[in-house]
Amino acid sequence: SHGFHIHETGSCVAPDFDSAGGHYAPRGHAHGVLHERGYHGGDLLNLHVPETGAVTTERLATDVTLRGDAPLLDEDGSALVIHANADDYVSQPSGGGGPKVACGVIR
């Protein structure tokens, strides 16, 4: 299982993908879908990858939009990031997902 999040900047410079910035939190909420004070707009459920390594997934991010209120396509864009470890859904500020292992710019 791997943490899967929308990050605040549309940049994926390898090898560490730190250019993607932190988790997308347009309303300033705490991190974690199980956190008592809400969750980041970019918090998605963990991505579970089977032994074969093949995965197809769909995620619904209800607190973001492409344009308008909480836009992913703002001046610096946004990115989808997969972390090395599972997100525990409550730890601050990023759920304990560990290093970023994959990144894709949202266009």
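Guide: With 107 residues, a compact globule would come out near 13 Å in radius of gyration, and the chain agrees because its value is 13 Å (taken over C-alpha atoms; the rule is 2.2 Å times the number of residues to the power 0.38). This is a predicted model, where local features need pLDDT of at least 70, side-chain atom pairs count only at pLDDT 80 or more, and totals for chains, interfaces and linings use all residues. Residues are numbered from 1 along each chain as its sequence is written, and side-chain values use heavy atoms, with hydrogens and water left out.

Visitor: How many helices and strands are in the chain?

Guide: There are 0 helices and 3 strands, going by DSSP runs (H or I, at least four residues, for helices; E, at least two, for strands; numbered from the N terminus).

Visitor: What percentage of the residues count as buried?

Guide: That's 33% of the 107 residues, buried being under 20% relative accessible area with a 1.4 Å probe, protein chains only.

Visitor: New topic: where is Gly 3?

Guide: Gly 3 sits in the segment before strand S1 (4–7).

Visitor: Is Gly 3 buried or exposed?

Guide: Buried, because its relative accessible area is 0%.

Visitor: Which residues is Gly 3 in contact with?

Guide: Beyond neighbours within four places in sequence, its contacts include Asn 46, Val 81, Ile 82 and His 83 (contact means heavy atoms within 4.5 Å). Gly 3 and Gly 95 are 92 residues apart in sequence, yet 7.9 Å apart in space, C-alpha to C-alpha.

Key. Buried < 20%, exposed > 50% of the residue type's maximum accessible area, 1.4 Å probe, protein only.
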